[in-house]
Amino acid sequence: MRLLIIEDYLPLQKSLAKGLREEGFAVDTTGDGKEGLWYAMSNEYDVIILDLMLPGIDGLRILEEFRSKGRQNHVLILTAKDTLEDRVRGLDLGADDYLVKPFDFRELLARIRALVRRGYQEKNPSVEIEDLRIELATQRIWRGEEEIQLTAREYALLEYLAMRAGQTVSRMDIWEHVYEFNSTASSNVVDVYIGYLRKKIERPGGGELIHTIRGRGYMLGTQI
Amino acid sequence: MMRSLRDRLLFGMILGMMLLLLVFSVVIYTLIRRTLFQQFDNSLGLTAQMLAAAARYETYGEDIRIGFHDKIIPEFEGAQRPAYYQFWAADGRVLLRSPSLGGGDLACFRGDGDEAVFRGFRLRNGQPGRAVGLEFRPGQDKRDTGKDESNPGQQAVTLVVAQSVADLNLHLRSVRELLIIASVGTITLSFLVASFVVREGLSPFKFLAADIAAISEDDLTTRISTEPMPTEMVPVKDTLNDLLCRLQDSFSRERRFTANVAHELRTPLAGMRSTLEVTLRRIRNLDEYRFSLSDCLAIAKNMQAMMDNLLALAHLDAHEMTFERDRIHLAEMMDACWEPYLDIAVDRNIVFDNQLDRQMACESDAKGLSIVLSNLLENAAEYTEESGKVWTTGRQLDGSVEITIANTGCTLTDEQIAHVFDCFWRGDSSRTDTGVHCGLGLALVERVVKALGGSAGVELQEEGIFVVKLALPISRLSPVDRKKAEISEKTGKRKRRSKKFEKK
């Protein structure tokens, strides 16, 4: 899943990006309001983490501008402003969640995961496709009774496919949601990781879990 | 001492009423007494005149006696309220006395000539009495001469007529008692009326107290609006409302300040917590721990800098900061204060031009002035655009030196400039530089300069040139000397004013 952090306090921006990347998210960061708006308008982020007091354009104006252009991406406001008026204003302008600094990193993670699930109409934190089970909160995967170990990138790819289970997902979609803006990888790397994933989650003799839809992309599970 | 206003008013009113009644009663009683005695004396005088007119010489050979033609007035016969008279010849011989005297004598006295003289005296029975004495020349009885004529050659006779005043005193006693009863009654009635009037008069205090009690410390926007308010209490109401206004401002300022402090701390605290939590989420190598700890240390140092500034502001506001008196060469100090920002200036190609005269000096606190100059130069280094310029100038004025620190690249507006000395104010609302710049630097500068006896101001010149002007006294006075100087200045002003007035 791909996130955008618009936060001008560098130590916080750095630590958030590091922590979220380690959790398997693809994270883009910026400390400037104008740049943040440009990032948000140019990419398909699953969640945008937005500070309010920013140089250039403040967070609320970014949000206003963003929603006025019809963008539906989830926005989580992360700010030091803690009054009821600030919260109400932020949420009324179209934010999906509001978290006041300082915060517990685990809570931020949980909120981001909840927003991601909401984005894909998935309320259950445990996704099951045939005998494949993905625990979204703990990022653990089982095939039947056997637990499967994946790298962060492999997990990110599987989670995205699982969120869109039964749908055909293009390489570009995968690339946009799993890779960061500054990533040097090309979209061909998606095919490579699909290969890795197949090896780990599919069993010899068993049916395919990840289907290749020729010319269109990939699909996890059976078509809906 | 009475603490209750009600008791004081009541006591005052009753005491006043009592004094008034006392004076009134004494005056009334005195007037009545005087009138009654005057009437009594008039009556006694008339009786004496009547007796004198009725008296005739009766000559029996060598013996002269006084006799009456008319019947004697019954009172002289020893009636219930007896009257007395007695006649004396010029040689002191008793010529005649009233039967009521029963052989006793009255005191003999008279006025000069025909004038009657009145006296008070005590009768033989112990009763108080009043007497009139006069001298006259009785006429000759016609039994002797055959005609009734006065005889100027005859001896003058002294007549004293007296009467008891016991009845009069009884009347006066009744008047006294009546006045006392009336006074006591009036005072009792006054007390009741005064109690009611005082209670009603002081009732606005109760309403005022209720209004004040209704004001909560959480909401100081309420004002006292008791209506109708007596005229005398309007200044009290206005003063209290004014006090509430000031309290509200003060509380709001305090709340804003606390909120600002909390707000300023939230972001660095979030940064530190996030860094630590992310680091502790897994086992890492030594370098990663070191980087995380370094980041946290940097955040902690910035937070400490902010706390130091806050503490300095608190000390300045409480007048707890002490200053020394040093001879300071301003150009040297300016160079020394710029030194920490040399690297930034070089990196951003900023030119620094210290145009201060090398000889320019003033007497001030080196530490305090260094805080001021460092803050201003740090801001200049931070906010001057790439390849911009920072320069300082100075000039000597009457008793002070004026230093200016100017820099190019200012993006602030005139409206924003007006707030630069406010605590926690920043031109940019972002918190990119949280901890390092939290809007306290210029507030601190202004307060320190003021504490050093100077003043600070800012102005925005054309093409984005931001200028800070500092006026510092050449000779810094000690607090005692400053107080003396202020007093002397005030006295001077007063004298100048009075001279002007005299000229007019």
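In the predicted model, buried residues account for 23% of the 504 residues of chain B. The secondary structure of this chain consists of 11 helices and 16 strands. Of the contacts in chain B between residues at least 6 apart in sequence, 65% link residues that are at least 24 apart.

One sheet of chain B is open and contains five strands in the order 11-13-14-16-15, with mixed pairing. Its edges are formed by strand 11 (351–354) and strand 15 (455–461); each has a single partner strand, so one side of each is left without a neighbour in the sheet. From one strand to the next, the twist averages 15°. Within this sheet, strand 14 (residues 400–407) and strand 16 (residues 465–473) of chain B run antiparallel and are joined by eight bridges. B:Asn407 stands opposite B:Phe466 of strand 16 of chain B.

Two helices of chain B pack on this sheet. Helix 6 of chain B touches strand 11, strand 13 (389–397) and strand 14, and its direction makes about 160° with that of strand 11. Helix 8 of chain B touches strand 13, strand 14 and strand 16, and its direction makes about 20° with that of strand 14.

The two helices also pack against each other. The axes of helix 6 (residues 330–338) and helix 8 (residues 366–383) of chain B are 9 Å apart, and the packing angle is about 55°. The crossing of helix 6 of chain B past helix 8 of chain B is right-handed. Helix 6 of chain B contributes B:Met333, B:Met334, B:Cys337 and B:Trp338 to the contact, while helix 8 of chain B contributes B:Leu369, B:Ser370, B:Leu373, B:Ser374 and B:Leu377. By class, seven residues of this contact between helix 6 and helix 8 of chain B are nonpolar, two are polar and none is charged.

Chain A also contains an open sheet of five strands, in the order 2-1-3-4-5, and the pairing is parallel. Strand 2 (26–30) and strand 5 (97–100) of chain A lie at its edges; because each has a single partner strand, one side of each lacks a neighbour in the sheet. The twist averages 20° from one strand to the next. Strand 4 (residues 74–79) and strand 5 of chain A run parallel and are joined by four bridges. A:Leu78 has A:Leu99 of strand 5 of chain A as its bridge partner. Helix 1 (residues 10–22) of chain A lies across strand 1 (2–6), strand 2 and strand 3 (47–50) of chain A, and runs at about 170° to strand 2.

Methods:
Residues numbered from 1 in each chain as written. Chains lettered and ligands numbered in written order. Predicted model: local features only at pLDDT ≥ 70, side-chain atom pairs only at ≥ 80, totals over all residues. Buried ≥ 20, exposed ≤ 12 C-beta atoms within 10 Å, placed from the backbone. Contact = placed C-beta atoms within 7 Å. Axes fitted to C-alpha atoms, helices over the stretch in contact; angles between N-to-C directions. Left-handed = near helix turned anticlockwise from the far one by under 90°. Nonpolar A, V, L, I, M, F, W, Y, C, P; charged D, E, K, R; others polar. Pairing = 2+ DSSP bridges.
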